[in-house]
Every structure is written in C-alpha cells, then in structure tokens.
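I opened my notebook beside the model and jotted down what I looked up, entry by entry.

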Amino acid sequence: MRVRSILRVAVAVVVALASSSVLFAFAADKRPITEKDLWQFNWIGDPQTSPDGSRVAFAKVVVDGKHTGYETSLWTVSTKGGDQPERLTSGTHDSQPRWSPDGTKLAFVRSVEKDGKPLPPQIHVLSMSGGESVQISDLVKGASDPHWSPDGRRIAFFSETSPEDIAKKNRKDREDRQTVNAATSPTTNEATTDEDADRETDVRYVTRAEYRFNGTGYLDPAHPAHIWVVTLPTASDEKVVPRQLTSGRFSEEEFFWSGDGREIVFATTRVAEPYYELPHTDIYSVSADGGEPRLINAVRIGVGGMSPSPDGRRIAFRSNVNEPVLSYAQPDLYVLDLSPGAQPRNLSAGFDNDVGGGIGGDNAAPRAAGESRPIWSPDGNSIIDIVTITGRASLMRFPVNGGTPTEITRGDQSVQRISSSAAGNTIALLVSTPTNIGDLFAVSGNGGVERPLTSVNEKLFSQLDLTAPEEIWYTSFDGRKIQAWVQKPPNFDASKKYPLILNIHGGP
C-alpha cells in the first residue's frame, strides 16, 4: 500500500539522522520527526472553487485507525481566510466534489463498505442548505468524474458498466426473489438457477502488452469507460435511471459539456494498443440526448487536461511534441479550434519548462488527489497553468495570441492543484513546501498576495523540528550547470561531520 511506501521513505530519513540524540541537541519544545508521525498526517486533495468564488470544497485524506489504509471525507472553507474548515460529508470514502453551476449543490462520489469490503463508488448529490445526500447512480461497476450540465439539471459521468453487467444483475435479482418466494411458499417448486453462468473466475487471459498499472491493478479491456448521463430527481424519494451515451470497445478519456448543454465533447484514442504508435487523439461530440458521436477533429498529438474556452469554440490542453521523437517528454500548452482540420497551436514552444507538471513526492494526497486543468481568462485572451521551474511549481499566465508568459505566484513552493471561480476572479491553490505537506490558499486571478485558508497539519507540525532544504548549483563535467538540494539535520553544526545519503534523479 501507499502507506507502507511512505513509511519506508520516512524510515530512511530517520536512519539518516540516526544519532540525533548524541550528535546534536534539539530545542526543548521541538522534536525530530518519526515514522509514526505519518499516521497523523492530513492531506488535502481535489480543491474545487465555488462558482461565485466564496468557498472551496476539497477532500481531506487521513490514515485510518488501523493504519492499513486511508479515509477520505469532503470539507469546505471560505476563500476570505481566517475561518475553520467545515465538514460536509460523514462518509469515509467520499471524493470528487463538484459544484453545481448555481453553487447550491455539490455532486460527489461515495463508496460504502459491505462486509468489510468497499462497494463500487456511486454519484451522490448534496444540498448546500443542509440535509442528507441523495444517491443518483446505482451501476454495477460504479460511477466517477461527475460533470454538471450548464443548466444544473443533469450530470454526466464515467462508468465501466456494460449491458451484460446490467443483464446479469437483473437475472440475479430475479433469482433472489424466486428463492425468497420458494422459501415462503410450501407448494413452490425448487428455484432454477444457473450458478455456473454467473460464477466469477480468477483466470486472466492477457492479450495486451500493457495489462496492469501501479495503483490501478489489472486492466479490464472488456469494460471500457463510457459516458453516461442522469437527470436529477425533483424529490428525494424519486428514483432516477442513468442512461448510457457512448458505447463500443474503446474508452472515452476526457469530456465536457458544450456551453448550451446540448452536446458533450470528448477525447478518445480508438486504437487497441496505442502504446505501439505515436500519441494521437480523436475529438468527438455526442448529443446529450443520445445518438451517434460526430468526429470533430483528429489530432496528431496526445491531448490531456482539456479545458474549453469561455465561448466554447476552442480548447486548451497539454501535450508533448511527437516529431522528432525524443528520449524525453516536455509538456507544452496548446490551443485548438473545435473545427474540422484545425491544427493545434503551441503557446509554450519557446518556454523551456514543463507546463502542467509538478514536484514529485509523497507529500501529495495518496487518495482523492484530483487533477487540475488549464484556466482560461474570462475574455479568452490568456490561460493560466502550473509550470515547474528549477524545483518549484508556480502559476503562470500564457497569452493566447503570443507573447511572454508571466508569473502569478512565486516562492520556494509547489502548487499542486488549482481551481477557479466561474468569473476567474478567485483561484484556489493547493500549495506544498518542503516543511508542509499541503494547504489551501486563495489568490486573485490577476495575481497578488496568497491568502492562507487552511492549516490542516498545524497541531502535529508545531511539535516537529523540521528544516528546509538548501538549493545549490554545481558545474558538471561537460560545463552544464546542475541543480541540487541539500537537506541538513536540525541544529546542524558546520564544524561536525555527518553521514550523507544521495537521492539522484535520472535524466536527461
């Protein structure tokens, strides 16, 4: 599990400082960090700014009481600063909070446990005025990634549920009812069931080169992720049935609603084993009422983090150049008109840093981390995204019509996730530093001072004696300047010698 991998890292750090009690004396009111402190860590994931910019909803992640996994719940906090976060949900596996367009409701994903095992997650909707949440999906393979329609009446989402799954569940439900009837009726014949047809097997037939991923486990090509849509109930006791919009043997990868709510635009790669080819993406649209998808454009590069412009005519996304083929990938920021034959424009071609990247490490939320997409300015003339520069991750603004990008945030920190209000006047930031796992801040869409909104680890970290790493540069054998960071122990004494651990990252 991720907890164990983090513990191994922490143990290495503790070993590196092994003789702390002998080598140096710590301040009386502080103590060194230990591996057991990891069980008290709080992580923040998937921040979502409300449409009016007044609040941020987020997932809070903690280690469970048995220290064997994680619990996630949903919280909210004011963007003014100075207020304590408020818990929104009582579940322990709640994630993916998404505001309705008018800010009165919150859609999210919840997984509940049965007999000690988590059931497939389902979409729930919570009124911000109070009350219990309402479950609006009940699919065999679960549901994820809810997207509100512009009018707030429908929610589109992903599910890997197939028609065969639904037929199997319906058959089992009928057999269960027959069994109950047989038990209560002395004249009823024995229930006829076909147990062999529904029996699960642990045998796997691997037919593809990529068949499993870390964290995800085994891939299931027989269950591609498709787009579904459900209309919200008008009463809490009204049962609604989601409807499948897309189908076929290939998964859809990302999607968003058109501005008028009539269509859903999605990206897909309709190739069985795309890793044998140069990345490319097909962009389609499908009517929100159903029908055959329509191809908008075939893009000869990968498309990730699609974000529609305010007028809905363009998308911003991140990608890497395909040709010439390089031994490394450096993500750039692109803009593409949503019209047949349009070619993507690289807005960061002369910007020699990663766009949409981040600083890797175990400080990110191990569950419910969410993802960020590029943020358009309200007038559509610029795009804000995260960039990584020399061990830091900051926000930068890229002019759509060309020009030099400008910094919005600065400092020795890593901006991990971003989310904007509908008007773009407030941006929520999840910020991590070498001495803090991650907290929420708010900043104006035009930049300025970052307002702190949370301090979820203050109780623990106020007890710890932590030191920030020091940045150094040195000249390599070929004359290139190489950056490195030195992490000194608390109460470092330059007149003494200490053991050294090297953590070397690969190239280029």
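**Hairpin of S27 and S28.** I began at the turn: two residues sit between strands S27 and S28, and Thr-390 in this hairpin has a positive phi near 45 degrees. I was looking at a predicted model, in which local features need pLDDT of at least 70 and side-chain atom pairs count only at pLDDT 80 or more, while totals for chains, interfaces and linings use all residues. Residues are numbered from 1 along each chain as its sequence is written, and side-chain values use heavy atoms, with hydrogens and water left out. My strands (E, at least two residues) and helices (H or I, at least four) are DSSP runs numbered from the N terminus.

S27 covers residues 382-389 and pairs with S28 in the antiparallel sense over eight bridges. Two strands pair if DSSP finds at least two bridges between them. I found Ser-382 opposite Pro-399 of S28.

**S28 and its other partner.** How many residues of strand S28 are buried? I noted seven of the eight in 392-399, so I call this strand mostly covered, buried being under 20% relative accessible area, exposed over 50% and partly exposed in between (1.4 Å probe, protein chains only). S28 also runs antiparallel to strand S29 (residues 406-407), joined by two bridges. Arg-397 stands opposite Thr-406 there. Six residues lie between these two strands, and Gly-402 in that hairpin takes a positive phi near 100 degrees.

**Hairpin of S34 and S35.** I then moved on to strand S34 (residues 470-475), which is joined to strand S35 (residues 481-486) by six bridges in an antiparallel arrangement. Trp-473 faces Gln-483 of S35 as its opposite residue. This hairpin has five residues between the strands, and Gly-479 takes a positive phi near 90 degrees.

**Open sheet.** In which order do the four strands of the open sheet run? I wrote down S5-S6-S9-S10, with antiparallel pairing. Its edge strands are S5 (94-99) and S10 (134-135), each of which pairs on one side only. Strand S9 (residues 122-127) is joined to S10 by two bridges, and Val-125 has Val-134 as its bridge partner in S10. A reminder to myself: in a regular strand the side chains alternate between the two faces of the sheet.

**His-280.** Is His-280 buried or exposed? It counts as buried because its relative accessibility is 13%. I located His-280 in the loop between strand S18 (263-268) and strand S19 (281-287). Its side chain reaches the backbone oxygen of Leu-278 at 3.0 Å. Leaving out neighbours within four places in sequence, I listed the contacts of His-280 (heavy atoms within 4.5 Å): Thr-269, Val-271, Val-299, Arg-300, Ile-301 and Gly-302.

**Lys-36.** I found Lys-36 in the loop between helix H2 (20-23) and strand S1 (42-49). Lys-36 counts as exposed because its relative accessibility is 51%. His-67 is 31 residues away along the chain, and its C-alpha atom is separated from that of Lys-36 by 9.9 Å.

**Val-206.** My last stop was the loop between helix H4 (195-198) and strand S13 (212-213), where Val-206 has its place. At 48% relative accessibility, Val-206 counts as partly exposed.

Methods: Polar contact = N/O pair within 3.5 Å; in protein donor to acceptor, adjacent residues only side chain to side chain.
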